[in-house]
Amino acid sequence: MKEIKVYDITGSRAILDTPDGDILFKKLLKNFKDGHIVTLDFEKVDTILSMFLNSAIAPLYEVYDSDFLKQHLIIKNMSDEDKITLKRVNSRAKQFYKEAKENADLLMEDIYGE
């Protein structure tokens with residue numbers, strides 16, 4: 001099991017930036033590819049904008065399904081308010097990537113008759 005302290009990545013109690021989310025996303029991908037379960041520790045973090053979660057967590061749904069993420073990603077020390085934001089981001093990401101796959105499948109069918 002790996003633990004990632006989000007504060008160590010952002011250096012801020014208020015997480016506002018998409019670039020920090022991109023860094024976290026890449027760390028998560030690497031750890032998952034290496035077979036690790038990851039705990040994201042939000043200790044020392046007071047504010048999390050959805051923009052950060054949209055770049056750090058949402059793209060995981062393009063690569064992994066919900067079951068995998070439930071088993072391999074543990075959230076620790078996140079406020080109840082931020083957990084609600086995370087749930088909204090996850091819900092939108094699941095829908096977005098589901099529709100993107102369906103549209104790609106339809107396009108492939110139209111082009112190649114598959």
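Residues are numbered from 1 along each chain as its sequence is written, and side-chain values use heavy atoms, with hydrogens and water left out. Because the model is predicted, local features need pLDDT of at least 70 and side-chain atom pairs count only at pLDDT 80 or more, whereas totals for chains, interfaces and linings use all residues.

**The whole chain**

Begin with the chain as a cartoon, which shows 6 helices and 5 strands; here helices (H or I, at least four residues) and strands (E, at least two) are DSSP runs, numbered from the N terminus. Read from the N terminus on, the elements run β-α-β-α-β-β-α-α-α-β-α. If you colour by accessibility, buried residues make up 37% of the 114 residues in the chain, where buried means under 20% relative accessible area, exposed over 50%, and partly exposed in between (1.4 Å probe, protein chains only). The areas themselves come from the Shrake-Rupley method with a 1.4 Å probe, and for residues only the protein chains shown count as cover.

**The salt-bridge network**

Next select Glu3, Lys5, Asp41, Glu43 and Lys76, which are linked in a network of salt bridges. A salt bridge is taken here as a side-chain nitrogen of Lys or Arg within 4 Å of a carboxyl oxygen of Asp or Glu, and by this rule the count comes to 7 salt bridges. Side chains of opposite charge can pair when their charged atoms come close.

Then move to Lys5, which is partly exposed with a relative accessible area of 33%, and follow its side chain to Asp41, where the two meet in a salt bridge of 3.3 Å, N to O. Asp41 lies in strand E3 (residues 38-41) and Lys5 in strand E1, so the pair ties together parts that are 36 residues apart in sequence. Asp41 has a relative accessibility of 2% and therefore counts as buried.

Select Lys44, in the loop between E3 and strand E4 (47-48), and check its backbone: phi is positive, about 75°, although Lys44 is not a glycine. Most residues other than glycine have a negative phi, and most peptide bonds are trans. Lys44 is partly exposed, at 45% relative accessibility. In that loop between E3 and E4 you will also find Val45, which counts as buried because its relative accessibility is 12%.

Go on to Asn77, in the loop between E5 and H6, where phi is near 60°, a positive value in a residue other than glycine. Asn77 counts as partly exposed, with 44% relative accessibility.

**The largest pocket**

Now display the largest pocket, with a volume of about 280 Å³. Of the 13 residues that line it, the closest to its centre are Tyr61, Leu73, Ile75, Leu86 and Asn90. A pocket is, on a 1 Å grid over the protein atoms alone, an open set of points where a 1.4 Å probe fits, with protein on both sides within 12 Å along at least five of seven lines, and lining residues have an atom within 4 Å of a point.

Helix H5 (66-72), E5 and helix H6 (80-112) each supply at least two lining residues, and the largest share, 5 residues, comes from H6. By class the lining has 7 nonpolar, 2 polar and 4 charged residues.

**A nonpolar surface patch**

Finish by selecting Met1, Ile37 and Ile74, which make a nonpolar surface patch of about 280 Å². Patches are made of residues with over 30% relative accessible area and no salt bridge, nonpolar side chains being joined within 5 Å and like charges within 9 Å. Ile74 sits in strand E5 (residues 73-76) and counts as partly exposed, at 34% relative accessibility.

Methods: Grid points are joined across faces, edges and corners, and a volume is the space filled by probe spheres set on the points. Ala, Val, Leu, Ile, Met, Phe, Trp, Tyr, Cys and Pro count as nonpolar, Asp, Glu, Lys and Arg as charged, and the others, Gly among them, as polar.
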